[in-house]
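Hello,

Here is the structure I promised to pass along. My notes on what turned up in it follow below.

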Amino acid sequence: MSYILNGDRIIMGTDYYPEHWDRSMWEGDLERMLDTGIEVIRIAEFSWNKFEPREGEYTWEFFDEFLDLCEKKGMHVIFCTPTATPPAWMTDKYPEVLNARQDGVLYRHGGRRHYNYNSVIYQRFTRNLVERMGEHYAKHPAIIGWQLDNEINCEMNEFYSESDTLAFREFLKKKYGTIGNLNTAWGTAFWNQTYTSWGEVYVPRTTLSNNTNPHEVLDYKRFVSDSACRWAKLQSDILRKYIKPGDFITTNGLFGDLDNHRMTEESLDFMTYDSYPNMAYGLNSHFIEQNSLKDRMWCMNLDEVRSLKGIYGIMEQQSGANGWNTGMEAPTPRPGQITLWTMQSIAHGADYISYFRWRTSTMGTEIYWHGILDYSSRENRRIREIREIHKKFEAISELAGSEYEAKIGVVETYDNKFDAELDVWHGGVENASRMGIYTASQMTHTPVDFVYLRANTTAENLKKYQVLFYPHAVILDEKQVAVLKEYVEQGGILVFGCRAGLKNENGRCVQEELPGLARELAGAEVAEFTLVAEEEAPVYADWDGEKIEAAVFNDELEPKAGTKVLASYANSYYKGVPALLEHAVGEGKVLSFGGAFTREAAEIFFDKLGVKTPYRDLVELPEECELAVRVKGSAKYFFVLNYSREEQTIQVKKPMKNLYTGEEVSGSVKLAGYETLVLKA
């Protein structure tokens, strides 16, 4: 059993950089952390030069000294491989280790993550260093686990170096076997893009109007994911030879063009996430599009992490104002918000919380990415709040190991995720429905899970969900359809949105009646389809007197024998055409909806299908508050989180225990701005 995520208690940590601070500060910092309730630190993720200051010259003394001090003080350590920042001596002598822009210009030393996964030279340096680090440090008693690299695919998830082209060719040879098969898969007869040899194939290059072959780009995204997964496995395989029993391997973040499920299965004991809800309040953040959920958007990200392996950890939790000197800026968390965002993470499945960072850096790009302490280390409001959070951890630790409860699953696949990122028609409906369904789930207090269809997914994995939404199953394969059919036959309810079955695995449109492979399961065909014209929007359908918007794109549906029409379009030139169908399959049913899902539409679906607000008989709360539920045996733990700065009133309809205080609670309960509550039923 690992030291963290042990199922016994919630554990607190922080991120620390001994190389940034004079040695005279180390002991005092560790003692103060322990006094605050922090018992784990993460170190070394950007410290290559401390291990290999010059090519082939390895030194261990710096971190030996620090680890020995940690052991003496009783501080536990997550040790990192420092491969996110290759040293200047390497990038200067071996520029082929660098990543490149699409036009071939190299990303030079001076930032971070400037390497490419496929450089044979960088792989060699990495193997040498990780091997030596594992051999030297892994047995140290202060170390409890390892982090691979840092935020894999963060900031840049596109790679255009010469090494990447060579590796891409090998990836394609393995997949297609012959250049003829590749030409067929990519449809290279279009615009005369046919290849006659592998040497003519490159990673996507700069083209006029950036009109690169979409089937090539889809495979390229798969290749980037494959490269990142192989990169993690390269390091994990080495460390497995050396780590102590009970020590773990993880990495942090959740980034694009990466099959995080595969990476977790192949290389990690669990994933950790970096949660920064304060970026929702940034004036110039390039990370997050502003929307009505604001900091509640991070609930969606946390649910994505939970889909990987259930319970997880947070490697970087918001603890101060965030920003870089190059453009991002966000305010200092208001009183109570650190607690709110911490409990947000725990509510959605985290049992380990590590705050970024202990002290704000006085140098470099992140001088405005504030930690628990400011530059001077003076006592401040944030550290006092974190001490109070630690007391809350002690009070709620019995819920460690509990699982998040949801009766609705939102189905995803990486093929569809990648395709929606490159296809604006697909992306338009996907983004609208994702936000619509998730906003509805938050505002109606209807928890959801994200459910990824994998090669090993079975109907047994799906049966715990009363309803599955597969908003836009654009790319479908026969195995996925078979699993979904079995789920429905056993009593499940499956909801498709528009565009289902449009493409094959290569992203090519199928030459059969839509919804393609889903036709039999849906009991429907698509007669016509169109983007919603701006002058006709919004287009509505009438569902038993409920006005439901069919947003963005509309399929004109045609029921097959035995399929019911539940709603028809109420306006536009296709007024009266079926917009929503129901098809009985075994003990369950499939609903086919001809549009994307707005928040309002999703709420109507929740209500009509009997899954809306499932805990209304126990807790009633306003939209400003979130309800999340974790379950352990017969115990249920209700997290109530007030995201508003204003006081909110909730109704506890059955006596429950306030875990923070141990008192019984029922009736009206007032929550101050940003206040949280954990109730046990």
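**What I found**

Ser 572 sits in the loop between strand S18 (564–569) and strand S19 (578–585). Please keep in mind that this is a predicted model. The phi angle of Ser 572 is near 75°, a positive value in a residue other than glycine. Is Ser 572 buried or exposed? With a relative accessibility of 19%, Ser 572 counts as buried, because the cut-off for buried is under 20%.

Asn 192 also has a positive phi, near 55°, and lies in the loop between helix H7 (179–186) and H8. Asn 192 is exposed, with a relative accessible area of 68%.

Strands S18 and S19 belong to an open sheet of nine strands with mixed pairing, in the order S11-S10-S12-S13-S20-S19-S18-S15-S16. At its edges stand strand S11 (448–452) and strand S16 (546–549); each has a single partner strand, so one side of each has no neighbour in the sheet. On average, neighbouring strands are turned by 25° against each other, direction ignored. Within the sheet, strand S13 (residues 493–496) pairs with strand S20 (residues 588–593) in the parallel sense, over four bridges. Val 495 has Leu 591 in S20 as its bridge partner. Helix H14 (residues 424–443) lies across strand S10 (408–412), S11 and strand S12 (467–470), and runs at about 145° to S11.

Val 495 and Leu 591 turn up again around Phe 605: leaving aside neighbours within four places in sequence, the contacts of Phe 605 include Val 495, Leu 591, Phe 469 and Trp 543. Phe 605 and Phe 79 touch the most other members of the largest nonpolar core, which has 195 residues. Helix H8 (residues 214–240) gives this core its largest share, eleven residues. There is also a second, separate core of 17 residues, with Leu 621 and Val 652 among them.

Two cis peptide bonds are worth a look on your screen. One runs from Ala 537 to Pro 538, with omega near -5°, and Pro 538 is in the loop between strand S14 (524–531) and strand S15 (540–543). Another runs from Phe 356 to Arg 357, with omega near -15°, and Arg 357 is in the loop between S8 and H12.

Ser 361 is in the loop between strand S8 (350–356) and helix H12 (381–396), and at 3% relative accessibility it counts as buried. A polar atom of the Ser 361 side chain lies 2.7 Å from the backbone oxygen of Met 363.

Best wishes

Definitions and conventions
Residues numbered from 1 in each chain as written. Predicted model: local features only at pLDDT ≥ 70, side-chain atom pairs only at ≥ 80, totals over all residues. Heavy atoms only, no water. Core = buried A, V, L, I, M, F, W, Y, C linked by side-chain atoms within 4.5 Å. Buried < 20%, exposed > 50% of the residue type's maximum accessible area, 1.4 Å probe, protein only. Helix = DSSP H or I, 4+ residues; strand = E, 2+ residues; numbered from the N terminus. Contact = heavy atoms within 4.5 Å. Polar contact = N/O pair within 3.5 Å; in protein donor to acceptor, adjacent residues only side chain to side chain. Pairing = 2+ DSSP bridges. Axes fitted to C-alpha atoms, helices over the stretch in contact; angles between N-to-C directions.
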